[in-house]
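Let's take a walk through this protein, one piece at a time. Keep the structure open as you read.

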Amino acid sequence: MDSRCYGFFFALFSLTVVALAYDPDTLQDLCVADHTSGIKVNGFTCKPESNITASDFFFAGIGKPAVVNNTVGSAVTGANVEKIAGLNTLGVSLARIDYAPGGLNPPHTHPRATEVIFVLEGELDVGFITTANKLFAKTVKKGEVFVFPRGLIHYQKNNDKAKPASVISAFNSQLPGTQSIAATLFTATPAIPDHVLTTAFQIGTKEIEKIKSKFAPKKV
């Protein structure tokens, strides 16, 4: 086989790898999620087209501020495929985040999506950290936009101690997923062994248990 043949097959192989590196385009106009199906697929199975209605593409849940009643001072209202069945296979979703005065959306990641926020009200200190451990941080105000790259740890903090704030978030995934760093480490089930956490954070077992107690469900 001469060099031209090797070159042809290498080019063909390269194109195949590139083609397989991205999600395929949808193969039909609609694939509205059937949330009642017990079949497990990468996403959701499709409803029969005869059962699809306009309501499958509608959600009114992010038009008003959410009630913020937690210790970190923020509330996230998702508008993803779990709320809007018609988003299935479309690769987009939204969320609204509301912040109490001084409220924080704690450091977290979205493993399946890049996030873009648009500030509806207030002023926020925001930032993300790269895998090289570099922080990119900025203060954003009403009408401004900030981007958090896919999978990187990021946060938002309302820096006004007197007024609430809110943003709309857009994602390039129908279900971006969220892992809050502190909650993931200290509330995992089964629990991460204390010796792992004490070594990672260079603190004692008592400190670990004290942190875990902060995340424990409140007794009524």
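Start with the sheet: 5 strands form an open sheet in the order S6-S5-S8-S3-S10, and the pairing is antiparallel. Strands here are DSSP runs of E with at least two residues, helices are runs of H or I with at least four, and both are numbered from the N terminus. Two strands count as paired if DSSP finds at least two bridges between them. Strand S6 (135-141) and strand S10 (179-180) stand at the edges with a single partner strand each, so one side of each has no neighbour in the sheet.

Now zoom in on one pair. Strand S5 (residues 123-129) and strand S8 (residues 153-158) run antiparallel to each other over 6 bridges. Look for Ile 129, whose bridge partner in S8 is Ile 153.

A word on what you're looking at: this is a predicted model, where local features need pLDDT of at least 70, side-chain atom pairs count only at pLDDT 80 or more, and totals for chains, interfaces and linings use all residues. Residues are numbered from 1 along each chain as its sequence is written, and side-chain values use heavy atoms, leaving out hydrogens and water. The score pLDDT is the predictor's confidence in each residue, from 0 to 100. Over residues 12-23 pLDDT stays under 50, and the model has 0 contacts there beyond four places in sequence. Where pLDDT is low, the predicted coordinates should not be read in detail.

Here are some whole-protein values:

| Property | Value |
|---|---|
| Helices and strands | 4 helices and 10 strands |
| Buried residues | 29% of the 220 residues |
| Mean pLDDT | 89 |

Buried means under 20% relative accessible area, exposed over 50%, and partly exposed in between, with a 1.4 Å probe and protein chains only.

What sits inside? A nonpolar core is a set of buried Ala, Val, Leu, Ile, Met, Phe, Trp, Tyr and Cys residues joined through side-chain atoms within 4.5 Å. The largest one has 13 residues, and Leu 124, Val 126, Phe 146 and Val 167 have the most contacts inside it. S5 gives the most to this core, with 3 residues. Contact means heavy atoms within 4.5 Å. Beyond its neighbours within four places in sequence, Leu 124 touches several residues, including Tyr 99, Val 119, Val 140 and Val 167. Apart from this core lies another, of 9 residues, among them Val 32, Val 81, Ala 85 and Leu 87.
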